[in-house]
Amino acid sequence: MALSSRKLKTAFTQRTYGKSLRHLLLFHDLYFIALIILAVASGGYGIYLWDKASKQSQRINIVIQEIYLVRGDLYRQVKELFDAFFLQEENALNEYNHYTSSILLHLHRLQEIAIDEEERTALSEIESKYRRLVNEAPTLFYRYQNNPNKQAQKSIYQDIETGIFTHYEEVSKRAEHLLMIKQSEIKNRLEDARSSSIAVLSLPLLLACVLIIYSRRILKRSIVNPINDIMIATNAISAGNLSHQVPEMGAEELAVLSKEINKMAEDLALSRDALVKSEKQAALGLLVPMLAHNIRNPLASIRATAQVIDAPDKDTQESVLGIIHTVDRLERWTGSLLSYLHPIKPMLNQLMLSSIVQGAIMTLQPKLSEKNIKVVENSANIKRLILTDEHLLEQMLYNLLLNASEASPKGSAIHIQCALLDNILTLVIIDQGPGMPFKPDPHAITPGPTTKRFGTGLGIPFAFKVCEELGGAMQFDSQVGKGTRITISLPQ
């Protein structure tokens, strides 16, 4: 029975887990219908066995009853015979003939009720002994009429009692014994049928209990638990926890629903981030131009004033130069901020890569000369014209080279490796600086941190923005103490 339970569990689990709700409920109903059919069939079979045994028992009771009726009519028939010959009653012979007809009718019924050869043989012996008695008894009484004395009367009693009746009783008892044996067998069969019926009926009930237990477990795992997970997830998402994930398990419809809820949460998170970014960009877009205007005018006055100051000594000269350098840094910061916030519209032209690279390097040459940094590049190897925006690409390279030069130690080198393969232009910038303290994120809402005293942190975000507008990609690989490697890929 334990093995059957395990098989039922395995079959039910394999057929239900992962199915749709419609299939799950269909299988559930079919299993219970099958159990109901099995229970009805088992009950019907038990009733059939019981009914068959009951009918057989009733038939044997009727046979025994008919045998008793034959015996009773026989004794009354012989009595009528005695009354006719000894008491000279007029109606005795008529009664005798009546009992003869009744006994023959009972014997005929017995032959009709008999179902096997053994019963027919026993009943035929009873009929044979009865016919012998009917044939011999009148002869004895007629013999008495020829010699009516007590000795003849006593002889008749003895002949009838020890002869004819004795043989009849022996045959009748054998038939009754046979029927009693059959009755006992039928009784045992009824007991077996009752036991079998109970066993057969208990099997569907036991299977139904097992099925209820396992179906409850399967339904809980396939429907109840997933629904609870979905309810928890919807409450968490509605509270703002968009990172909450629903386990994609259970029935097919619930698994699909969980998947869609997870996708909805991801889309909402992206939409929220994009909205926050757009709101910040919009706020900065409105604020920065006003700040740039209000800052640039005083900066221009300060720089003009500093340029016309006639410094009487070296310390004053250095202070004036410091003021001019600070104003220039603030001007560059304001310009970079405006460039980062304003929309970029590339103007594509067929150009030589070497002219763009050299333009960025020439603009940066004063900075490079201060630290004695050498730029090693191979852009002249690209003989084919490239399709790009000259000013955007040059400004992007300028910003990246500026960051590399400020991070590089004095007397080091910056390498620019250029390659054009399969319509993909690749630019690799390698410096020998200390490495970057963070990994730039092209999707960051705010600029990354900067280690420079007067840096804006907008050089890298601006480079990401230019790459995106030109349909390319940029990747940073940096190790602490080993420098930074920037790989730019631009389709052609």
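Which residues have the most contacts inside the largest nonpolar core? In this predicted model, local features need pLDDT of at least 70 and side-chain atom pairs count only at pLDDT 80 or more, whereas totals for chains, interfaces and linings use all residues. Residues are numbered from 1 along each chain as its sequence is written, and side-chain values use heavy atoms, with hydrogens and water left out.

The largest nonpolar core comprises 39 residues, and those with the most contacts inside it are L353, L393, L397, L400, M474 and I488. A nonpolar core is here a set of buried Ala, Val, Leu, Ile, Met, Phe, Trp, Tyr and Cys residues joined through side-chain atoms within 4.5 Å, buried being under 20% relative accessible area with a 1.4 Å probe and protein chains only. Two or more residues are given to this core by each of α8, α9, β4 (413-421), β5 (424-430), α10 (459-469), β6 (473-479) and β7 (483-491), these being DSSP runs numbered from the N terminus (helices H or I, at least four residues; strands E, at least two). Helix α9 gives the most, with 8 residues. Leaving aside neighbours within four places in sequence, M474 is in contact (heavy atoms within 4.5 Å) with L400, I460, A463, F464, C467, I486, T487 and I488.

The axes of α8 (residues 353-371) and α9 (residues 390-407) come within 9 Å and cross at roughly 30°, the axes being lines fitted to C-alpha atoms over the stretch in contact, with angles running from 0 to 180 degrees between N-to-C directions. Helix α8 is therefore roughly parallel to α9, a term for angles under 35 degrees. Among the residues making the contact are L353 of α8 and L393 and L397 of α9.

Key: Parallel < 35°, antiparallel > 145°, perpendicular 65-115°, else oblique. Buried < 20%, exposed > 50% of the residue type's maximum accessible area, 1.4 Å probe, protein only.
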